[in-house]
Amino acid sequence: MRLRWSWRGSDMDRRVLIGNIAISEAVKLARVDVISAYPITPQTIIVEKLAEMVDSGELNAKYIRVDSEHSALAAVYGASSGGSRVFTATSSHGLLYMYEMLWWVSNSRLPVVMAVVTRSIGPPWNIHTDHQDALTVRDSGWIIGFAENVEEAFDMTLQAYKISEDKRVLLPSIVALDGFILSHTAEPIDIPSQEDIDRWLPPREPLPFVMKPGEGFAVGNLGPDEVTMELRWYIWRAMERAKRVINEVDYEYKDITGRSYGGLTERYRVEDADYIVMGMGSWCGDIKEAIDMLRDEGYRVGLLRIRYIRPLPIQDIIKYGSRSKAVLVIDRAVSMGYGGVLAGEVASILRGRTPVKGVVAGLGGVDMRSEDFIDIIKRFIEEYELDLDINWLNTYWIMKDGGRG
Amino acid sequence: MEARYKILDIDLEGIEDIRRFREKLLSRPDKGSAGKTGTWRLYKPILYIDKCTRCGLCWLYCPDNVISWRQREIPEIDMEFCKGCGICGDVCPVDAIEMVLEGE
């Protein structure tokens, strides 16, 4: 289905696309120069589609075929050092295989953009979503965003180039989208025109550095220990500035598409909420539905959707977390021996302000529906109202029967 | 060394940060760009001028480029950067270079 319409004079192309194709359309609109990737379910379609685009001449880019994910990121690292705008994509074990190169990219501050179609990590082999893979690289200095739907995954990819290449930031970005739930599910999406994107996203500037033939220098040579610490300090500062840039870019993107998500977080019915739910990714759609139904029953709940876990929206978490009675964090990833990954972060921020309860659910793609969230949220509120003495971080596992007998 | 505690005085444009970042991340080939590597040395090369045939093999083999030599001249070893690997002594065809433990 195709439908053309216009937003404040901007041409929009309405199409029904699965998440993976939407990402490749965004990459095409960003006019990337070099793509390198290795196939892995559920990401493969993104780079398959891009390979087709390069082959047909629709996208004027160099496509480097490699033997592994480690090489894929190494290839785009090199291309990005040479001044190109680059893209790669991966999932699960592929991301883990890239782990070393991730640090080369972020510690060199190259504005690489990567789609991570989230998938559970084996064993047991499982191709369905949880956020464990993307959160494994949480501390690497990459900006990490989680999309809620296909259109947002598309927008986040385009915005990632603008954010990463901003000279206040110059850090790589990961756009995480839930495997199959977003990557293989078709949704209507309004695609802005190439002219509008070209105007908004100019070609990459030669920053932070560009390697050229005939100019000899080494990147990250051995040096005094103090140099390492100083370079980390600049990355830290860039990450702090990124919070502001992400909000700005999200706001100005509205001019082209009419879409804006609220920057680092999306606030859903939080203004008068007694209880705040926090979460990331596609199931936030189901949580919103649950919140609507609970509101009809008289429960005053709201959702603070964490769009970016790095940089973490600390201010928003404090602002909305501390004005509520208690906070429930629903995680699709777990830090063994502590709790849900996001729950741990939120609890550390709200310590001494608001009790936080963490729920770990949906690992390995276990299906969570809005009815499940209604149960979880109701139980959380009841428990809080019965016993005010909630520990700072309680973690509960939501288990479902099924599978092997 | 005096420790400096840095507070969050973020330069909002980041231009100065990028300049300094680039300065520290990138390095250009230069004498002593990795510091005075001569301090790494355990054994130092001693050159016996009377034995030396001025063949230049030590100059050719030195992996750190610290031996300077021109044809028909006695080679000179820059002890500020010589790491004491002993390759020069090993390749010298007339044993004119001996490796001696530092401090002896």
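In this predicted model, 29 residues of domain 1 of chain A are in contact with 24 residues of domain 2 of chain A. The domain assignment places domain 1 at residues 2-257 and domain 2 at residues 265-397, and the C-alpha centres of these two domains of chain A lie 28 Å apart. Between them the two domains bury an area of about 2200 Å², of which carbon and sulfur atoms give 55%. On the side of domain 1, Leu135(A), Arg138(A) and Glu148(A) supply 27% of the area that this domain buries against domain 2, which is more than any other three residues supply.

The interface between the domains of chain A also holds charged and polar pairs, for the rule finds 6 salt bridges across it, and it finds 14 residue pairs in polar contact there, both residues being at pLDDT 80 or more. Which elements give two or more residues to the side of domain 1 of chain A that touches domain 2 of chain A? They are helix H6 (132-136), strand E7 (143-146), helix H7 (150-165) and helix H9 (225-252) of chain A. H9(A) gives the most to this side of domain 1, with 5 residues, and the residues of this side divide into 13 nonpolar, 8 polar and 8 charged.

**Contact between chain B and chain A**

The contact of the two chains takes 22 residues from chain B and 28 residues from chain A. Chain B and chain A bury about 2400 Å² between them, and 63% of this area is on carbon and sulfur atoms. Phe21(B), Lys24(B) and Leu25(B) supply 25% of the area that chain B buries against chain A, more than any other three residues. Between the chains the count is 4 salt bridges, and there are 7 residue pairs in polar contact, with both residues at pLDDT 80 or more. On the side of chain B that touches chain A, the elements that give two or more residues are helix H1 (15-25) and strand E1 (26-27) of chain B. Of the elements on this side, H1(B) gives the most, with 8 residues, while the residues of the side as a whole divide into 11 nonpolar, 2 polar and 9 charged.

| Residue | Partner | N to O distance |
|---|---|---|
| Glu148(A) | Arg305(A) | 3.0 Å |
| Asp17(B) | Arg241(A) | 3.3 Å |

**Backbone geometry**

Most residues other than glycine have a negative phi, and most peptide bonds are trans. Against this background, the peptide bond from Gly122(A) to Pro123(A) is cis, with omega near -5°, and Pro123(A) is placed in the loop between strand E6 (113-118) and H6 of chain A. A cis peptide bond also joins Arg310(A) and Pro311(A), where omega is about -5°; Pro311(A) is in the loop between strand E14 (308-310) and helix H12 (314-322) of chain A.

Arg31(A), although it is not a glycine, has a positive phi of about 55°. This arginine is found in the loop between helix H1 (19-29) and strand E3 (34-37) of chain A, and because its relative accessibility is 45%, Arg31(A) counts as partly exposed. In chain B, phi of Asp95(B) is near 55°, again a positive value in a residue other than glycine. Asp95(B) has its place in the loop between helix H3 (87-91) and strand E5 (97-101) of chain B, and since its relative accessibility is 52%, Asp95(B) counts as exposed.

**Individual residues of chain A**

Is Ser91(A) buried or exposed? Ser91(A) has a relative accessible area of 0%, and therefore it is buried. This serine is in the loop between strand E5 (86-90) and helix H4 (92-97) of chain A. Leaving aside residues up to four places away in sequence, Ser91(A) touches Ile40(A), Thr41(A), Pro42(A), Gln43(A), Val117(A), Arg119(A) and Asp133(A).

Asp190(A), found in strand E9 (residues 186-192) of chain A, is buried as well, with a relative accessible area of 7%. The side chain of Asp190(A) makes a polar contact with the side chain of Arg14(A) at 2.8 Å.

Glu382(A) lies in helix H14 (residues 370-386) of chain A, and because its relative accessibility is 45%, Glu382(A) counts as partly exposed. The C-alpha atoms of Glu382(A) and Thr395(A), which are 13 residues apart along the chain, are separated by 16 Å.

Technical notes: Residues numbered from 1 in each chain as written. Chains lettered and ligands numbered in written order. Predicted model: local features only at pLDDT ≥ 70, side-chain atom pairs only at ≥ 80, totals over all residues. Heavy atoms only, no water. Domains from an automatic or database assignment. Contact = heavy atoms within 4.5 Å. Buried area = accessible area lost by both parts, 1.4 Å probe. Salt bridge = Lys/Arg side-chain N within 4 Å of Asp/Glu carboxyl O. Polar contact = N/O pair within 3.5 Å; in protein donor to acceptor, adjacent residues only side chain to side chain. Helix = DSSP H or I, 4+ residues; strand = E, 2+ residues; numbered from the N terminus. Nonpolar A, V, L, I, M, F, W, Y, C, P; charged D, E, K, R; others polar. Buried < 20%, exposed > 50% of the residue type's maximum accessible area, 1.4 Å probe, protein only.
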